Amino acid sequence: MASAAFNGGGSRPLDVITIGRSSVDLYGQQIGARLEDVTSFAKSVGGCPSNIAIGSARLGLKSAVITRVGDEQMGRFIREQMLREGVEDRGIVTDPERLTALVLLSVQDDSTFPLIFYRENCADMALCEDDIDPEFIASSQSVLVSGTHFSQEEPRAAQNKAMRLARENGGKVILDIDYRPNLWGLAGHAAGEERYIASSAVSERLKTVLPHCDLIVGTEEEVLIASGESALPAALRTIRSCSDATIVLKRGPMGCIVYDGAIPDDLEDGIVGKGFPIEVYNVLGAGDAFMSGFLRGWLRGEDQGTSATWANACGAFAVSRLLCSPEIPTWEELKYFLEQGSPHRALRKDETINHIHWATTRDRDIPLLMALAVDHRSQLTEMADTLDVPHERISDFKRLAVAAAARVAAGRDGYGMLIDERFGRDAFFDAAKQAFSWIGRPVELPGSRPLRFEFSQDIGSQLQEWPKEHCIKALCFYHPDDDDALKREQQDKLLALYQAARKVGRELLIEIVAGKHGSLDDRTIARALEEIYALGIKPDWWKLEPQGSQTAWANTQSVIERHDPRCRGIVVLGLEAPVSELEETFRACAQVRMVRGFAVGRTIFADAARGWLAGKMTDEEAIIDMAGRFEALCSLWLKCRNNN
């Protein structure tokens with residue numbers, strides 16, 4: 001019989017390769033609506049094996065997926081998202097003839113989830129034996145096959161080959177029964193939600209897989225279809241007669257039971273993992289999160305009870321949230337939940353857990369950020385008015401600034417831009433074609449105190465239209481010694497912005513300028529940040545004015561690390577300071593770990609803007625001038641940082 005747990009020993013590059021479905025999931029955002037009435041959708045990677053590959057990677061396993069995607073935008077999205085999640089993409093084949101599969105779903109109520117699979121001749125069902133590389137299979141401790149891909153001959157042959165190769169190389173074989181009747185042709189297109197239709201043909205095919213498995217995971221309905229039986233005890237015993245595998249029976253809110261040896265007369269006598277009672281929001285994807293959690297324990301040699309508990313916890317996260325793969329917890333998030341629990345049955349309402357999830361699933365690390373800020377509006381309109389130049393020319397100038405920054409960045413990491421919406425629409429399009437690490441855009445009405453948003457006070461609807469990679473920037477003239485009424489008004493505005501940012505999934509940079517409306521000492525900025533953190537606001541970035549001492553910077557860093565050690569960090573602003581003053585600032589803050597770089601504007605572009613708007617500089621001359629100043633400032637920052 002199978003051992004209590006598998007411990008691969010970590011001697012191979014990969015822990016698990018999953019095989020089978022990959023799709024783009026489009027989930028209705030109007031909760032309580034029929035699928036017919038949904039008006040907008042959230043997009044994510046889906047498909048059982050793809051979800052498990054992502055979930056396993058989030059939990060610290062080294063995972064890969066073997067699948068096919070179309071040679072189109074959705075196929076590229078799947079591959080790119082896999083890489084962002086840390087999943088090896090070597091096994092993703094681009095199919096030149098077929099489209100990537102799609103899934104549409106709505107949450108109609110807590111037990112009704114209308115679901116349509118768009119999988120007619122889709123890319124992943126064209127998976128074939130040629131897509132299974134023996135060397136790749138040998139590089140993994142295990143392979144995971146999925147039930148759907150045994151429904152047709154070519155993908156069935158591909159999975160059989162992978163199973164054989166894994167066993168020949170001493171790897172383990174995992175079966176996720178993953179039964180969807182309409183994907184076996186047993187139900188109509190509108191019956192995607194249907195979970196069980198008995199079929200002797202399906203059962204006979206799945207029973208041929210069972211003897212080759214080391215771990216078999218399924219719901220009660222999936223255990224029935226895999227065995228061909230109509231009662232659960234008989235089904236488990238039939239599977240046991242075919243296989244020595246560890247069997248994991250998923251039971252939804254009741255957790256799971258693990259069977260290593262003979263099936264007991266009382267099914268409750270198996271190994272039972274701790275359950276987590278939570279509010280059900282969307283059940284789709286819960287099984288994939290569950291499998292990810294179980295594999296994190298099973299492949300790392302944990303006892304079955306621990307693996308089952310981790311699996312149940314991961315499933316609880318998934319059913320309490322809307323999407324599939326994006327909702328699977330990270331290892332840090334799971335550990336926090338297991339140690340601290342949550343006062344909320346609806347885990348999506350737990351702000352502490354939500355922040356851990358947000359901060360540990362960001363797309364990329366940005367340890368260095370040197371940004372050219374050209375989000376200035378009032379300063380440039382004043383300059384244009386002085387020179388009697390139409391404001392439309394400002395938009396053209398900002399495109400030159402993008403060209404200058406791109407020339408300096410030269411495709412390297414660590415460079416970014418701040419561009420405004422009012423004059424920067426074409427500049428945004430230009431910037432999108434470059435490989436900048438970061439793009440920020442302001443929302444504040446220039447000069448407003450108390451803070452006001454520029455285009456609409458309904459900030460959430462405005463942010464929904466932004467590209468996901470654009471970071472919100474809000475400048476707030478905030479001093480901790482301001483009168484209480486002013487502070488409350490500004491705090492309310494910042495809190496509304498923070499909540500909207502999290503709701504729509506955009507990063508947030510808060511820029512605090514205190515020195516314009518009060519004196520600065522070594523505690524001023526630290527006090528301001530302390531007050532903002534007390535509201536529950538945890539921005540991804542801070543943009544702060546120069547502080548004259550290392551003590552001031554150390555105080556500021558201490559506040560951030562105490563309230564949000566997962567903060568991306570601080571960038572320093574310039575305030576049109578000369579380079580000599582910025583050098584002093586850089587030297588003072590370069591040794592502060594949380595300071596990642598700078599976002600400076602007028603020090604770099606002011607002379608070029610005056611010259612170009614006045615007609616005294618050509619486009620190329622303006623670009624050369626700005627690029628030279630930006631490159632010099634970048635070199636200065638890197639020198640100061642490296643000297644510390």
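Guide: Gladly! Let us begin with a definition: contact means heavy atoms within 4.5 Å. Please keep in mind that this is a predicted model.

Visitor: What is Gly32 in contact with, leaving aside its neighbours within four places in sequence?

Guide: Gly32 is in contact with Val107 and Gln108, so heavy atoms of each lie within 4.5 Å of Gly32. You will find Gly32 in the loop between β2 (23-28) and β3 (41-46). Gly75 is 43 residues away from Gly32 in sequence, and their C-alpha atoms are 30 Å apart in space.

Visitor: Why are β11 and β12 called paired strands?

Guide: Two strands pair if there are at least two bridges between them. Strand β11 (residues 246-250) and β12 are joined by four bridges, so they meet that rule and count as a pair. The two run antiparallel, and Val248 has Val258 in β12 as its bridge partner. In their hairpin, five residues sit between the strands, and Gly252 takes a positive phi near 60°.

Visitor: What makes β12 and β13 a pair?

Guide: They have two bridges, and at least two are needed, so they pass as well. Their sense is antiparallel, with Ile257 standing opposite Val272 in β13.

Visitor: Why are both faces of β12 said to be covered?

Guide: Buried means under 20% relative accessible area. Cys256 and Val258 on one side are buried, and so are Ile257 and Tyr259 on the other. Each of these residues is therefore under 20%, and both faces of the strand count as covered. In a regular strand, side chains alternate between the two faces of the sheet.

Visitor: Which strands form the closed barrel?

Guide: Eight strands form it, in the order β14-β15-β16-β17-β18-β19-β20-β21, with parallel pairing. The twist from one strand to the next averages 25°. As an example, β14 (residues 369-374) and β15 (residues 415-419) run parallel and are joined by five bridges. Ala371 stands opposite Gly416 in β15.

Visitor: What lies across β19, β20 and β21?

Guide: That is helix α18 (residues 550-563), which runs at about 145° to β20.

Visitor: Which residues touch the most other members of the largest nonpolar core?

Guide: They are Phe436, Ile512, Trp542 and Met626, in a core of 89 residues. Another core, of 43 residues, lies apart from that one and includes Ile66, Phe136, Leu224 and Leu267.

Conventions. Residues are numbered from 1 along each chain as its sequence is written. This is a predicted model: local features need pLDDT of at least 70, side-chain atom pairs count only at pLDDT 80 or more; totals for chains, interfaces and linings use all residues. Side-chain values use heavy atoms; hydrogens and water are left out. Axes are lines fitted to C-alpha atoms, for helices over the stretch in contact, and angles run from 0 to 180 degrees between N-to-C directions. Buried means under 20% relative accessible area, exposed over 50%, partly exposed in between (1.4 Å probe, protein chains only). A nonpolar core is a set of buried Ala, Val, Leu, Ile, Met, Phe, Trp, Tyr and Cys residues joined through side-chain atoms within 4.5 Å.
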